[in-house]
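Try each one yourself before reading its solution.

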Amino acid sequence: MKKLIKLTLVLVMMLGSTSLFAQKFGRIDSQSIIMAMPEFKEMQTNLESLDKDYRENLELIGVEYQQKLQEFQKNYNTYTEATRNIKQKELVDLENRAQTIQQMAQQDLQKKQQELAAPIYEKAKKAIDKVAAAGGYTAIFETGTLAYFNETALTDIAPMVKKELGITDAAAKPAAPAAK
């Protein structure tokens, strides 16, 4: 009976160790995958356009403020006390309006970025999941988040995920930065 228990234990340990070696592990830099997606580039273009609209609006308010300030300074001595107060209030109102627009712009840009990014991240995750399941991977590790891993022991699944997403190497190259 003891021999049978020992034999069973040895057999379980051998099977357990071989199943450990049969596991497949992969790695991926999901951020580079996401940045290579056409949807990400489209998102950036939309956000830049929205940002440009807000900046133009703020510039118009700035020009209006400067004109009113110059007029106020030029005619300060000729204004009555009541007119001075009204003109000063107009300047303060313009400053407040500019600050409000700036705060709204930041909030809107963040909200829009989250709104546009969510489906992109979801699409990338589904592609990673599909490739991992098809390849029989036990775990996929995000490159750069582990303190150490043996790169040769992990399969980089990025090329397979890019293929799943329809990203070619030519499309994956980052565009040249826009001139400002």
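Two strands count as paired if DSSP finds at least two bridges between them. Keep in mind that this is a predicted model.

**Exercise 1.** Work out the strand order of the sheet and which strands stand at its edges.

*Solution.* Start with the parts list: the protein chain has 6 helices and 3 strands, and along the sequence they follow α-β-α-α-α-β-β-α-α. The 3 strands form an open sheet in the order 2-1-3, and the pairing is parallel. Strand 2 (137–142) and strand 3 (155–156) each have a single partner strand, so they stand at the edges, with one side of each left without a neighbour in the sheet. Now look at strand 1 (residues 24–28): 5 bridges join it to strand 2, running parallel.

**Exercise 2.** Describe how helix 3 packs against helix 4.

*Solution.* Two packed helices are described by the angle between their axes and the distance between the axes. Helix 3 (residues 38–75) and helix 4 (residues 81–135) pack at about 175°, with axes 10 Å apart. Angles over 145 degrees count as roughly antiparallel, so helix 3 is roughly antiparallel to helix 4. The residues of this contact split into 20 nonpolar, 5 polar and 13 charged. Helix 4 also lies across strand 1 and strand 2, at about 140° to strand 2.

**Exercise 3.** What percentage of the 180 residues in the protein chain is buried?

*Solution.* Buried means under 20% relative accessible area; 21% of the 180 residues qualify. As for the surface, the chain exposes about 13400 Å², with carbon and sulfur atoms supplying 58% of it.

Notes. Residues are numbered from 1 along each chain as its sequence is written. This is a predicted model: local features need pLDDT of at least 70, side-chain atom pairs count only at pLDDT 80 or more; totals for chains, interfaces and linings use all residues. Side-chain values use heavy atoms; hydrogens and water are left out. Axes are lines fitted to C-alpha atoms, for helices over the stretch in contact, and angles run from 0 to 180 degrees between N-to-C directions. Helices (H or I, at least four residues) and strands (E, at least two) are DSSP runs, numbered from the N terminus. Angles under 35 degrees count as roughly parallel, over 145 as roughly antiparallel, 65 to 115 as roughly perpendicular and the rest as oblique. Ala, Val, Leu, Ile, Met, Phe, Trp, Tyr, Cys and Pro count as nonpolar, Asp, Glu, Lys and Arg as charged, and the others, Gly among them, as polar. Contact means heavy atoms within 4.5 Å. Buried means under 20% relative accessible area, exposed over 50%, partly exposed in between (1.4 Å probe, protein chains only). Accessible areas come from the Shrake-Rupley method with a 1.4 Å probe; for residues, only the protein chains shown count as cover.
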